[in-house]
Amino acid sequence: MLQNGPALDRDRALTRAREVASAVVDPELPMLTLADLGVLRDIDVDADGAVTAAITPTYSGCPAMAAMRDDLVRELQAAGFADTRVRVVLEPAWTTDWITPAGRAALAAAGISPPGPAPRRSGPVPLRLTPTRRAVRCPQCGSDDVVVGSEFGSTACKALYRCRSCLEPFEHVKEI
Amino acid sequence: MPDVRTHEPDEHDNAYAGLLVNDVHWAFGTDFEDPLAGVDTTVPDGVDPATLATYCLMLGDDALVLSQRIAEWCGNAPDLEEDIALSNIALDLLGQARLLLARAAAADGAQVPALPDGSPVPDEDRLAFFRDAPQFRNVRLAEVPGGDFARTIVRILLFSTWRLALFEELSRSRDAVLAAVAAKGVKELTYHRDFAGRWFLTLARGTDESRRRLLTGLDELWPLWAELFETHDVERAAALAGVGVDPAGLAADVDAVLDQVLAASGVTRPVSGPLPGTALAGRDGQHTAEFGALLAEMQVVARAHPRGQW
């Protein structure tokens, strides 16, 4: 037992650090955890008990990165991990396909239309001069009679839509 | 009511709360000390660090300066949707600029302006706020005044069509940081190009006045188009080393995309030649008269408070 002690401690610490980090919510989409959003890429605990959390930006200019980092550090420190650091992962680039099923359900429950499958392509990016067609349903009434208001919403990651059935506006997380 | 998880009403609801728990940081920064924290910034074998850094400055300055110009629309656009769209495009470019300037600083610290001891300004902000016009390497298309909405659309179309093609190539760079920044940027620029392409079409086929303004903007900006495809020595060296892209090689692909937009819009390609002066003016630090005013507005607060902390 003695020789397994440190390894077991580290496993326990890793499990606990993952629990804590996985519960931290996104500052702009607080119905989602960073884990649900796919932004939290990794949690590691080294032999000395230091925690490193890896996060990736949704968009290059995402202003929420600082808040995410601070929130992760604060929560992990509050849970007893005094030595906590956050590193950035740029590759592979974040894709909406990483939003978990639980995350999609939470978005819909909050009135935000979750993204469909991210575009996959080989070769040059095609130019689209007509409005982007998406299989979007109004998160309020379920109607598919919706129209894009703008490809850019209150945050870079969302587009603005309007429902022609219930007349409510709503946001849609863009597939990237 | 659906069961929605919400955060405790504390940290994000009070703008001052963060000040009490965070470390002291530069008053004008975003407080995420290093956008490349934990990223391996080792310069690839056989690549001259100064060349890589200067190349990153070129691409970073293009994005920074155009971001500043587009941001002038914030609160001034024709309607709320376009205001938000333009602000988001400016924000994407600012994000690209931040990563590219940080990558430049990590490759060659000698190019980062020195500041008084104790200054909390991070490297990428030193590069953005403490260089003078001759040290900026951006193409002139990024810096000339924005003009009206039509001219703004023309510029975003020209710039994003060119930069998207460039970033698609750059995503295969031997420099892992540049490759990652480019791969992410491709997704963003795809939206910028589609946004500008659709508006170009709409304005061209809208009213006589919208078409007149669009064609005027195109004629005004066209003399700056050729500069984007001139190869600077630094770009040539970066391309030869496998970390950069020779812009001359992009012309055919970029022209094909631009011609799609022009054809759909019933607009013929302007015939005006390049702007007088040396072809590589912007990349060599030679800028238009208006660039000084842009830099002054962008830099004045940071320069007044190089030790500003909170």
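Predicted model: local features only at pLDDT ≥ 70, side-chain atom pairs only at ≥ 80, totals over all residues.
Which pattern does chain A follow when read along the sequence?

Figure 1. Read along the sequence, chain A follows the pattern α-α-β-β-α-β-α-β-β-β-β. Its secondary structure comprises four helices and seven strands. The C-alpha trace of chain A spans about 65 × 40 × 30 Å along its principal axes. Of the 176 residues in chain A, 40% are buried.

**Figure 2. The contact between chain A and chain B.** Chain A contributes 38 residues to this contact, and chain B contributes 53 residues. On the side of chain A that touches chain B, the elements giving two or more residues are helix H3 (65-78), strand E3 (84-88), helix H4 (101-109) and strand E5 (146-150) of chain A. H3(A) gives the most to this side, with seven residues. By residue class, the side of chain A that touches chain B consists of 25 nonpolar, five polar and eight charged residues.

**Figure 3. Helix H3 of chain B.** This helix covers residues 80-107 of chain B. H3(B) is mostly covered, with 23 of its 28 residues buried.

**Figure 4. The crossing of helices H3 and H6 of chain B.** The axes of H3 (residues 80-107) and H6 (residues 176-204) of chain B come within 11 Å and cross at roughly 165°. Because angles over 145 degrees count as roughly antiparallel, H3(B) is roughly antiparallel to H6(B). The crossing of the two helices, H3(B) and H6(B), is left-handed.

**Figure 5. Residues in the contact of H3(B) with H6(B).** H3(B) supplies Ala85(B), Ile89(B), Asp92(B), Gln96(B), Leu99(B), Leu100(B) and Arg103(B). The partners on H6(B) are Val177(B), Leu178(B), Val181(B), Gly185(B), Glu188(B), His192(B) and Phe195(B). The residues of this contact divide into eight nonpolar, three polar and three charged.

How values were computed: Residues numbered from 1 in each chain as written. Chains lettered and ligands numbered in written order. Axes fitted to C-alpha atoms, helices over the stretch in contact; angles between N-to-C directions. Parallel < 35°, antiparallel > 145°, perpendicular 65-115°, else oblique. Left-handed = near helix turned anticlockwise from the far one by under 90°. Contact = placed C-beta atoms within 7 Å. Nonpolar A, V, L, I, M, F, W, Y, C, P; charged D, E, K, R; others polar. Buried ≥ 20, exposed ≤ 12 C-beta atoms within 10 Å, placed from the backbone.
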